[in-house]
Amino acid sequence: MTKIASFFLSLALIFTYLFGLGVNIASAGYELTENIKLPATVSMFSGQGLCYDGENFYSSGSLTFMNFTGLAKFDENMKCIEKKSNAVPKEFYEKYGSNHIGGIDCANGYIYAPVEGEVDDEYLYNFILLYDCETLEYTGKYYDLTSEYLTDGIPWCAVDRENGYLYTSKFDDVTEILQYDLETMSFIKAIPLEKKLDRLQGGSVYEGILYLSYDVSDSTTEQVLAVDLADGSVRVEF
C-alpha cells in the first residue's frame, strides 16, 4: 500500500471511530453477542490483525505513511494491558524498507507477524517476525518468505497449531493458499483455490478450515470466507 493510500485509509479509520460509521450484522446461523469499541489511542495498534492464545488477545497495527508499526495485548475482556510502538526493528526498515505489519497469529508463546516493505513501489521483501507473547518484544527470530509466490507483500498469516503449519497468501488476485512448516518455515505446497479471491487481510485455522477476512474495497459488504484446506473449496461463512 502506498503512503498516500495509507494516509487516506487512516483518515477513514479516524472518521469511522469518531462518527461510528458502519453496522455489524450477523449472518444466518450466527448471533452477534458483543460489539467492542476500542479507544482511539488503542485503535492505531489494532487496525491490521487480531489473534487469541486461549488467555490473551493480541493485535497489530500499521500506519505506513508515518512508518508506524505497533502491537497490543488485551485481556479476555479486551482491556488493553500493554502496547508496543515501533514494533518492526529499525534494521529491517533501513535494510528492506519494512514498515508494515499485517494480520498476525500466535502459537507456542510467540506472535507470528507478517512484515513487508515497499521499495520503489514494489513489495520485494516478505518476512515472518516472532515476538514474545508475554512482553511483545521482538525475539530476534525471523523467517524470510520472499519468493515467487508472494509478489505483492505478505498481508496475513494463520497458524494451524494442531498440525504445525503456517498459511499465507498474496493480497490481491489470490488463486492459491501457501502452506509452510511452522517450525522451519520451509515451503510445503500451494493449495489451489476453486475461485480467485481478492483483498485478503487476515486468517485463522480451525478444524481444517481456514477462515479469511475479506477487506472489500467499498467497505460495505465485508465477509469472512471459509476455505477447506483439503480441496481448496471456498464459501462465504458470514
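In this predicted model, 4 bridges join strand β1 to strand β2 (residues 57-63), and these two strands run antiparallel. They belong to an open sheet of 4 strands in the order β1-β2-β3-β4, in which the pairing is antiparallel. A second open sheet, likewise of 4 strands and with antiparallel pairing, has the order β10-β11-β12-β13. The points below take up these sheets, then the nonpolar cores, the aromatic pairs and several individual residues.

- The loop that lies between β2 and β3 (68-74) contains Asn 67, a residue that has a positive phi of about 55° although it is not a glycine.
- Asn 67 has a relative accessible area of 28% and is therefore partly exposed, since that class lies between the limits of 20% and 50%.

- The antiparallel strands β10 and β11 are joined by 3 bridges, and Asp 160 stands opposite Tyr 165 in β11.
- The loop between β12 (174-181) and β13 (187-197) holds Met 185, whose phi is near 60°, a positive value in a residue other than glycine.
- Met 185 is buried, with a relative accessible area of 5%.

**Nonpolar cores**

- The largest nonpolar core has 18 residues, and those with the most contacts inside it are Tyr 58, Leu 71, Ile 101, Ile 104, Ile 111 and Tyr 131.
- Helix α3 (90-96) and the strands β7 (110-119) and β8 (122-132) each supply at least two residues of this core.
- Apart from this core lies another, of 16 residues, among them Ile 177, Ile 191, Val 227 and Val 234.
- When neighbours within four places in sequence are left aside, the contacts of Tyr 58 include Gly 49, Leu 50 and Cys 51, and they also include Ile 104, Cys 106, Ile 111, Cys 133 and Leu 136.

**Aromatic pairs**

- The structure holds 15 aromatic pairs, one of which is the tilted pair of Tyr 96 and Phe 127, with 4.8 Å from centre to centre and 55° between the planes.
- Because Tyr 96 lies in helix α3 and Phe 127 in strand β8, this pair ties together parts that are 31 residues apart in sequence, and both residues are buried.
- The rings of Tyr 165 and Tyr 167 have centres 6.3 Å apart and planes at 70°, so this pair counts as edge-to-face, the class for planes over 60 degrees apart.
- The two members of that pair fall into separate accessibility classes, in that Tyr 165 is partly exposed, with a relative accessible area of 26%, whereas Tyr 167 is buried, with a relative accessible area of 3%.
- Ring pairs also link Phe 92, Tyr 96, Tyr 125, Phe 127, Tyr 131, Tyr 138 and Tyr 142 into a cluster.

**Tyr 110**

- Tyr 110 is found in strand β7 and is partly exposed, with a relative accessible area of 22%.
- The C-alpha atoms of Tyr 110 and Glu 134 are separated by 8.5 Å, the two residues being 24 residues apart along the chain.
- Neighbours within four places in sequence aside, Tyr 110 is in contact with Asp 105, Leu 130, Tyr 131, Cys 133, Thr 139 and Lys 141.

**Ser 169**

- Ser 169 has its place in the loop between β11 (165-168) and β12, and at 1% relative accessibility it counts as buried.
- The side chains of Ser 169 and Trp 156 are joined by a polar contact of 2.9 Å.
- With neighbours within four places in sequence left aside, Ser 169 is in contact with Leu 150, Gly 153, Pro 155, Trp 156, Val 174, Glu 176, Ile 177 and Leu 200.

Note on methods:
Residues are numbered from 1 along each chain as its sequence is written. This is a predicted model: local features need pLDDT of at least 70, side-chain atom pairs count only at pLDDT 80 or more; totals for chains, interfaces and linings use all residues. Side-chain values use heavy atoms; hydrogens and water are left out. Two strands pair if DSSP finds at least two bridges between them. A nonpolar core is a set of buried Ala, Val, Leu, Ile, Met, Phe, Trp, Tyr and Cys residues joined through side-chain atoms within 4.5 Å. Buried means under 20% relative accessible area, exposed over 50%, partly exposed in between (1.4 Å probe, protein chains only). Contact means heavy atoms within 4.5 Å. Rings of Phe, Tyr and Trp (its six-membered ring) pair if their centres lie within 6.5 Å; planes under 30 degrees apart count as stacked, over 60 as edge-to-face and the rest as tilted. A polar contact is a pair of N or O atoms within 3.5 Å; within protein, one must be able to donate a hydrogen and the other to accept it, and residues adjacent in sequence count only if both atoms are side-chain atoms.
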